[in-house]
Amino acid sequence: MPASPIPGAPRFVRTQQAAAYLGLSHRTLEKHRTYGTGPAYRKLGGRVLYAIDDLQAWADRGARVSTTDPGVGEVLPAKRHPLATLADRA
């Protein structure tokens, strides 16, 4: 029987589950990780783990209420971007 989670502790998921949570393919999430455009992740040994809170925060940066809404941030596509753009998104 698995141990019950500690209340308030972040829940971590692997790339496949993180991609499903976001509605992306695991390859797209891997590309985001390579280009530095995706959600924060942790590397524990050889495993890549994502906290659900980090996935939600990353997705929330793209929230808009209309096409003219500038929003609070930007979710970049999974491709190379100029360093200035990456520095601005932080």
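Select Glu74 to begin; in this predicted model, the residue is found in the loop between helix 3 (52-60) and helix 4 (83-89). Is Glu74 buried, exposed or partly exposed? Its relative accessibility is 46%, so Glu74 counts as partly exposed. Next, display the C-alpha atoms of Glu74 and Asp60, which are 14 residues apart along the chain and separated by 9.2 Å.

Before continuing, colour the chain by pLDDT. The mean for the chain is 82, and 79% of its residues reach 70 or more. Confidence is lowest in helix 4, with a mean of 50, and highest in strand 3 (47-51), at 96. Where pLDDT is low, the predicted coordinates should not be read in detail.

Three strands form an open sheet in the order 1-3-2, with antiparallel pairing. Strand 1 and strand 2 (42-44) are the edge strands, each pairing on one side only. Helix 3 packs on this sheet and touches strand 1, strand 2 and strand 3; the direction of helix 3 makes about 65° with that of strand 3.

Keep strand 3 selected. Four of its five residues are buried, so strand 3 is largely enclosed by the rest of the structure. Two bridges join strand 1 and strand 3 in the antiparallel sense: Phe12 has Ala51 as its bridge partner, and Val13 stands opposite Tyr50. Strand 2 and strand 3 pair, also antiparallel, over three bridges. Lys43 stands opposite Val48 of strand 3. In the hairpin of strand 2 and strand 3, two residues lie between the strands, and Gly45 takes a positive phi near 65°.

Move to helix 1 (residues 15-22), and show Thr15, Ala18, Ala19 and Leu22, which are buried. Viewed down the axis of helix 1, these buried residues fall within an arc of 100°, so they line one face of the helix. They pack against strand 1 (12-13), helix 2 (26-35), strand 3 and helix 3. Just after helix 1, Gly23 takes a positive phi of about 75°.

Centre the view on Thr15, in helix 1. Which residues is Thr15 in contact with, leaving aside its neighbours within four places in sequence? They are His26, Leu29, Glu30, Arg33, Val48 and Tyr50. Thr15 has a relative accessible area of 11%; because this is under the 20% limit, Thr15 counts as buried.

In soluble globular proteins, nonpolar side chains tend to be buried together.

Note on methods. Residues are numbered from 1 along each chain as its sequence is written. This is a predicted model: local features need pLDDT of at least 70, side-chain atom pairs count only at pLDDT 80 or more; totals for chains, interfaces and linings use all residues. Side-chain values use heavy atoms; hydrogens and water are left out. Buried means under 20% relative accessible area, exposed over 50%, partly exposed in between (1.4 Å probe, protein chains only). The arc is that of the directions from the helix axis to the C-beta atoms. Contact means heavy atoms within 4.5 Å. pLDDT is the predictor's confidence in each residue, from 0 to 100. Two strands pair if DSSP finds at least two bridges between them. Axes are lines fitted to C-alpha atoms, for helices over the stretch in contact, and angles run from 0 to 180 degrees between N-to-C directions.
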